[in-house]
Protein chains: 2
Amino acid sequence: MTISRVWRRPTLGAVAERAGVSTATVSNALNGTGRLSEATRQRVLTAARELGHAQATTARAVARGSTGVLGLTTTAYGDLPVSYTEIPYYAQLTLSAMAAAHERGYMLMVMPNSLSPWMWLNMPMDGVIHVEPRTDDPVRALLRERGIPMVTDGRPLRPHWNDAWVDTDHDAAMSLLLDHLAESGARRIALSQPVHDDAYARLTGRAYTSWCAEHGMPALVEEYAVLPDYFTAEREAVGRLLDRDPRPDAVIGVYSDSGHTILAAARQRGLRVPRDLLVACVSEDPDYATTNPSITTLSLRPDRVGVEVVDLLISLINARGGVNRHRVIQPVLIPRRSTRKPPPNPRRRERPE
Amino acid sequence: MTISRVWRRPTLGAVAERAGVSTATVSNALNGTGRLSEATRQRVLTAARELGHAQATTARAVARGSTGVLGLTTTAYGDLPVSYTEIPYYAQLTLSAMAAAHERGYMLMVMPNSLSPWMWLNMPMDGVIHVEPRTDDPVRALLRERGIPMVTDGRPLRPHWNDAWVDTDHDAAMSLLLDHLAESGARRIALSQPVHDDAYARLTGRAYTSWCAEHGMPALVEEYAVLPDYFTAEREAVGRLLDRDPRPDAVIGVYSDSGHTILAAARQRGLRVPRDLLVACVSEDPDYATTNPSITTLSLRPDRVGVEVVDLLISLINARGGVNRHRVIQPVLIPRRSTRKPPPNPRRRERPE
């Protein structure tokens, strides 16, 4: 691993001395506060510029790999025709990583969702956050070869001694969902299961199967391929689940759209949620608070994940060793109407859609 | 203005020729698809690496200012102790700019919310999106001096012939809000008015005053300073509005928290919304759909703004002239319960909070 130094700015004192003014004046000039003459402001900026260039010209900073830049990308769904920033989990993760990077004085370079190695070969960066690597992700190999520190969100499926990752506690996640559904009376809980070569799809499925075995409940699974069109594929998988005889009394989806997909499939079959079918999904989408009925979700806390990946990456960049390279985040259940058996009340008015 | 070229990747054909394989194999190797031997994959990556380095080594790319990187920052609230990514407008703008940049093959470098010029002096970038510049923003002067193309979100208050900006149609925004409130029966519509040296605060206030004059309604304004603590300052300003005699029958806030602030102030005084007071605010916060009552908001469409600033910036980077440098975005009103006079129905049950 390359040990690179963080690009630091000169002290106010150094600038003040060079410009022949007080540190308060330097602070005002640099922050755009206070009342200064234009001449004074220019003198301070010139001094700052000179010291800044002397300390770390771009070329030298790039040459020694110390840039103040953290890269972030996901390449897991490189072939999907959607931007990852439009998926709430990635959006929240990105924003939270951004805030955490800024707080530590780093810029965050958000890379296109591409497995093409050009930018990975060339871009100057101190470290990279790689969201949900695939099993044989070429970007991972390229960055390792360049010696650029890397943290993944989601543990790699083929572990390497050097891996650093932040990941959800997948067993806890599935237990939260399944225990909740069982408490709401479900006895035949089905899983709509994506097939993809990342850790999330596999570990989630494994946690579901274990829970069912431990609790003596049937494992009711329909699989669907994530690429090229998870949306259509999941709709069909959910259809197959709901057409089973006997029918499941609850369905779990593990992607952000799953709740909408399951709700639509239930409606199409005249099934009322939650009376005939309980529905829950793993999602960060706030829209599930206002669907009809509102849908129970499990949050993987991308806001926490974003902070932890940045913190772990900066530790790796600055430390020579002794960094604990694995961090596990606890998920949170947000119970809503879709998993509540309504009280038997004949006078209860159904809300229109 | 510096005319810089976009950093382009070599064609698949060039890599295929160098590696002695088909373009389909190159595509598979670079995208991690298909079934390839490790040796073939390595051969393709080596060829790609060699061509990539030959075409644009980092040092040369940096030297000629062509990096494939667009910077984005806001410096308007440099002194506020919150991250701008936590404010829904900036979060949505950033995510949408990110998606637009990626679609065009650019990376987006999100800079800390800082007026300190160090990174502005040194970071290699093809262009910068500057969100809500202040009147004498030092970053603006520095970038102009470096010859880096720049687009601002929000027109600069002191125009320069070279300015390129995307901005809201502020007159349309205020008319949408005020017409809607007037149609809901309001005759004394008050404005909680921030004081800050950016275009948004000033143009919004001006549009309000014009509308009131045109419609023969009183302009009821209380001002508050945005720095250092707009939250407390606005609470006090709204308090002064609601304590006026006669009281306003509607209050508009123009920041994202304003709706919550006005609702809390109304509750504190025993005023029911919307029965005793109509409430609306300019915000992108989805939480206003689920407050009690839900609050009418005006969206400035940061999703559109993000796309337009990226498109305009890339036009400036690549074009030698003839680019229309000003773009205006139309806002959208989202009416909710807080501006609806409830029908006089004594049997209507009030929902608990």
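Trainee: Which word applies to A:Tyr89 and A:Tyr90, buried or exposed?

Mentor: A:Tyr89 is buried, as is A:Tyr90; buried means under 20% relative accessible area, exposed over 50%, and partly exposed in between, with a 1.4 Å probe and protein chains only. This is a predicted model, in which local features need pLDDT of at least 70, side-chain atom pairs count only at pLDDT 80 or more, and totals for chains, interfaces and linings use all residues. Residues are numbered from 1 along each chain as its sequence is written, chains are lettered from A and ligands numbered from 1 in the order written, and side-chain values use heavy atoms, leaving out hydrogens and water.

Trainee: What makes B:Tyr230 and B:Tyr255 a pair?

Mentor: Their centres are 6.1 Å apart with 90° between the planes, which is edge-to-face. B:Tyr230 lies in helix α10 (residues 230-242) and B:Tyr255 in the loop between β8 (250-253) and α11 (258-268) of chain B, so the pair ties together parts 25 residues apart in sequence. B:Tyr230 is buried because its relative accessible area is 15%, and B:Tyr255 is buried at 10%.

Trainee: How do you know that A:Asp136 is exposed?

Mentor: A:Asp136 has 51% relative accessibility and therefore counts as exposed.

Definitions and conventions. Rings of Phe, Tyr and Trp (its six-membered ring) pair if their centres lie within 6.5 Å; planes under 30 degrees apart count as stacked, over 60 as edge-to-face and the rest as tilted. Helices (H or I, at least four residues) and strands (E, at least two) are DSSP runs, numbered from the N terminus.
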